[in-house]
Amino acid sequence: MAAEDPAFAEWLAARQGTLLRTAYLVCGDRHTAEDLAQTAAAKLYLAWDRISARGNVDAYARRVIINEHNSLWRRPWKKREVVADELPEHGYVDHQRAPDEVAAVWTAVRALPPRQRAVVVLRYYEDLSEAEIAETLDVSAGTVKSQASRALATLRDRLGSAFDLEDLA
Amino acid sequence: MNNPAERKLTHALQASSDAMADAHLDLGAVHDQAHAIRRRRRIGAGLGAAALVAAIAIPVTLISQDFGNQGAPAPATSTSPSPADPTTPSESETSPPETPETPDDPNAVAAALEQLPLGDGPQVAHVVDGTWHNADGTTLTLPSTDAQVVGAAWYHGGPLLVTNEGEIAGSTLSQYDASGAQVWQVEGNPRIAISNEGTRLAWWQTDADGNGEIHAGIASGMGEGEAVQETGDATYVTPIGFANTGELVYMAAIDEGPVVMATDFEGEPTRVNTLVSASGVDGVNNRVAGELGSGEGTTGAVIDLASNEPLWSKPGWHLGAFSPDGRYVVGFKGDVDPAPIAILDAETGDVVAEFDLLTDHGVGYSFDTGVVWEDDSTLLVFTYVWAGTDAEDHPGVLLRLAADGSVERASEVGSAFWVFAPRP
């Protein structure tokens, strides 16, 4: 282990914001996001020497978040946060677009099945390529395409007229 | 990403993620969690620090003639592996204390464990050191794998092994026949459910697109008559157990959260909406143990599956599996880790016997894979020395906890990593 590794501390300080935000977008719940991000950081800490040497630290952290979220229910009595329909108390600040537009999109994204939501988050928030998403989710590029296509079709269906998403690919 | 709609979507995600703008990860908490993860990995002694400590080193080939080694189960002194235990200090060997000086002293804890009475070896099917051990004492050398074996069952005339490839990969179920040939391999849930009488088992598997199915088959069969239930949008499914109606109770993770379901593999699955999670099914009396979905905090409960009504509940407790005869149910007291284990009266929830393994013996355990019913009134618990840093090894030992409150060892203290075959 990279005990008290300053490089890890530096990485965590620099990247924890993105880690927490990605976790939140994946799970839709603030407390679960904190748990996911901390678990990802802890596992990364344990594997720091190996992962940092490969230079794919962020990718590893994203994979842990996605996999941890997928396996959130493995433990029968692990304390869980149930995703609610309401928006979080900690609201967003949006100076350029009406909050109700953002809220509508976020509500629609949160309603997507988890794998489709993960694809959307990785594509449109993390700005990953199809290949990078496929690697993160451990699926084929074709699966990423099909999941993205289904997700966008759902978003168009739910938001099309209200949010002008007809031109999504 | 020049598409205006895509930019809107990106913007909405960025804005929504501002919910975490004031969140912060504490480096100390990350270290603590990392140490806890490492400690669990280092169950057992004598394995290299860089290795997956819990991994089972499995011999190269399945030697079919090994299966058939006859004889009654040998006592723990011979069935449990007994590699040299480099962590056992010579001082403790010469003058072991009666009790641990403190649970914080791993050497003293290990030495005190050695002083517990040693009973028979485990009387349930299990895997240890790359060998499948049947309850009747017959053994089979398992196929080679570098992965960590986290589950094992007997199906299709051979071992069904569950392995975890690494830190972030899911679980792989690999079915072998008696000759050692791999019959099939799928991704899925490491938990395999089995009926009370041991005749039916069920597992959950997914394909590359994430489409899941529950499969249920005859445990002694060759895969014939396998029933399949698709699990739709559920992202993760955990088979729990069979009711006396033949229904399988399972947990499913769906967008709205965890749900408990039951399926007869013919009609639409039904929701067991009294519970938000399930941990055991009493196939004799048609009861389910789990957690209630209402109220603050944890409330363990046993419900009647037919009426979906709680029979009793126990705030602050988590529940585990029912004894094979349905008389008892395992209880875990509180949200601490490791929690005290109790044998509860399944009819009333009253505590029959309670064991605080950390306080009394300085050991921890895995509640979801390390606690099984050996018979109708005794539990086997795969425990490991809790104390020590992540740089140290954590010797393990099987403990037998009885409804009369007694505790004995069912193995030597050492580096073995025990995986139990599914139990009701």
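Why does B:Pro338 count as buried? The legend to Figure 1 gives the reason, and the figures all show a predicted model.

Figure 1. B:Pro338 counts as buried because it has 20 C-beta neighbours inside 10 Å, and the cut-off for a buried residue is 20 or more. Leaving aside residues up to four places away in sequence, B:Pro338 touches B:Leu357, B:Leu358, B:Gly364, B:Tyr365 and B:Trp386. One of these, B:Leu357, is 19 residues from B:Pro338 in sequence. In space, the C-alpha atoms of B:Pro338 and B:Leu357 are 8.0 Å apart.

**Figure 2. Strand S22 of chain B and its pairing with S21(B) and S23(B).** S22(B) covers residues 341–345, and four of these five residues are buried, so the strand is largely enclosed by the rest of the structure. Strand S21(B), residues 328–333, pairs with S22(B) in the antiparallel sense over five bridges. Within this pair, B:Gly331 stands opposite B:Ala342. Strand S23(B), residues 351–355, is also antiparallel to S22(B), and four bridges join them.

**Figure 3. The hairpin of S16 and S17 in chain B.** Strand S16(B) spans residues 275–282; eight of its eight residues are buried, so S16(B) is largely enclosed by the rest of the structure. S16(B) runs antiparallel to S17(B), residues 287–292, and six bridges join the two strands. B:Gly280 is found opposite B:Ala289 of S17(B). Four residues lie between the strands of this hairpin, where B:Asn286 has a positive phi near 60 degrees.

**Figure 4. An open sheet of four strands in chain B.** The strand order is S3-S2-S1-S29, and the pairing is antiparallel. S3 (139–141) and S29 (419–420) are the edge strands, each pairing on one side only. Strand S2(B), residues 131–133, is joined to S3(B) by three bridges in the antiparallel sense. B:His133 stands opposite B:Thr139, a residue of S3(B).

**Figure 5. The crossing of helices H6 and H7 in chain A.** H6(A) comprises residues 114–124 and H7(A) residues 130–137. Their axes come within 10 Å and cross at roughly 135 degrees. The two helices are therefore oblique to each other, and H6(A) passes H7(A) in a right-handed crossing. On the H6(A) side, the contact involves A:Ala118, A:Val119, A:Leu122 and A:Arg123. These meet A:Ile133, A:Thr136 and A:Leu137 in H7(A). By class, the contact has five nonpolar residues, one polar and one charged.

**Figure 6. Helix H5 of chain B, a mostly covered helix.** H5(B) runs over residues 106–115, and eight of its ten residues are buried. The buried residues are B:Pro106, B:Asn107, B:Ala108, B:Val109, B:Ala110, B:Ala111, B:Ala112 and B:Leu113.

Conventions
Residues are numbered from 1 along each chain as its sequence is written. Chains are lettered from A and ligands numbered from 1 in the order in which they are written. This is a predicted model: local features need pLDDT of at least 70, side-chain atom pairs count only at pLDDT 80 or more; totals for chains, interfaces and linings use all residues. Two strands pair if DSSP finds at least two bridges between them. Axes are lines fitted to C-alpha atoms, for helices over the stretch in contact, and angles run from 0 to 180 degrees between N-to-C directions. Angles under 35 degrees count as roughly parallel, over 145 as roughly antiparallel, 65 to 115 as roughly perpendicular and the rest as oblique. A crossing is left-handed if the near helix is turned anticlockwise from the far one by less than a right angle, and right-handed if clockwise. Two residues are in contact if their C-beta atoms, placed from the backbone, lie within 7 Å. Ala, Val, Leu, Ile, Met, Phe, Trp, Tyr, Cys and Pro count as nonpolar, Asp, Glu, Lys and Arg as charged, and the others, Gly among them, as polar. A residue is buried if 20 or more other C-beta atoms lie within 10 Å of its own, exposed if 12 or fewer, and partly exposed in between; C-beta atoms are placed from the backbone.
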